[in-house]
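Please look through the model below.

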Amino acid sequence: MKFLKGHKLYSILTGTCPVCQEESMFIDPNPYHISNTLKMHERCGHCGTKYKIEPSFFYGAMYVSYGVGIAFAVTTFVLVYYLLQMSLMNSFYAIMAVIILTVPINLRLSRTIWINLFMSYDSKKTNS
């Protein structure tokens, strides 16, 4: 995935600092450690970028989370209903299972998308 370095997509998919893309924003790399899912470093250890720009900054990520959840649901529906030819009720069950199982990923992905809307990559702050 190094070929994407320097693009917002790299930071979003890897959960790294949006400015230098060198260090993870999250303390625990595993989103399924539920008590640590949203625990973030206050600043990037590499470039010093402060992640929480203002109090309640990440409340805006809730709006992004809705869109990400819809994307997961639509993708699941298309795969299950059209490709696997399951009934509508089974498709509904599959969507609910995917939504529930991907909550930690959705939360982190939403935060990284949200912060990348406000910060950009700076090649002067990287090692490479």
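Cysteine 20 counts as buried because its relative accessibility is 0%. Here buried means under 20% relative accessible area, exposed means over 50%, and partly exposed lies in between (1.4 Å probe, protein chains only).

A note on the basis: this is a predicted model, where local features need pLDDT of at least 70, side-chain atom pairs count only at pLDDT 80 or more, and totals for chains, interfaces and linings use all residues. Residues are numbered from 1 along each chain as its sequence is written, and side-chain values use heavy atoms, with hydrogens and water left out.

**Cysteines**

How many disulfides does a search of the whole structure find? It finds zero. A disulfide is a pair of cysteine sulfur atoms within 2.5 Å. The closest cysteine sulfur to that of cysteine 20 belongs to cysteine 44, at 3.5 Å, so it is too far for a bond. Cysteine 47 is in no disulfide either. Its nearest cysteine sulfur, in cysteine 17, is 3.7 Å away.

**Aromatic rings**

The whole structure holds eight aromatic pairs. Rings of Phe, Tyr and Trp (its six-membered ring) pair if their centres lie within 6.5 Å; planes under 30 degrees apart count as stacked, over 60 as edge-to-face and the rest as tilted. Two of the pairs involve phenylalanine 57.

| Pair | Centre to centre | Angle between planes | Type |
|---|---|---|---|
| Phenylalanine 57 and tryptophan 114 | 6.2 Å | 50 degrees | tilted |
| Phenylalanine 57 and phenylalanine 118 | 5.4 Å | 70 degrees | edge-to-face |

Phenylalanine 57 sits in the loop between helix 1 (8–14) and helix 2 (61–83), and tryptophan 114 in helix 4 (residues 103–116), so their pair ties together parts 57 residues apart in sequence. Helices (H or I, at least four residues) are DSSP runs, numbered from the N terminus. Phenylalanine 118 lies in the segment after helix 4, 61 residues from phenylalanine 57.

Phenylalanine 57 counts as buried because its relative accessibility is 7%. Tryptophan 114 is buried too. Phenylalanine 118, at 47%, counts as partly exposed.

Phe57, Phe58, Trp114 and Phe118 form one aromatic cluster. Arginine 111 lies over the face of phenylalanine 58, 4.6 Å from the ring centre. For such a contact, NZ of Lys or CZ of Arg must be within 6 Å of the ring centre and within 35 degrees of the ring normal.

**Nonpolar core**

A nonpolar core is a set of buried Ala, Val, Leu, Ile, Met, Phe, Trp, Tyr and Cys residues joined through side-chain atoms within 4.5 Å. The largest has 17 residues. Cys17, Tyr51 and Ile115 have the most contacts inside it. Helix 2 and helix 4 each give two or more residues to this core. Helix 2 gives the most, with three.
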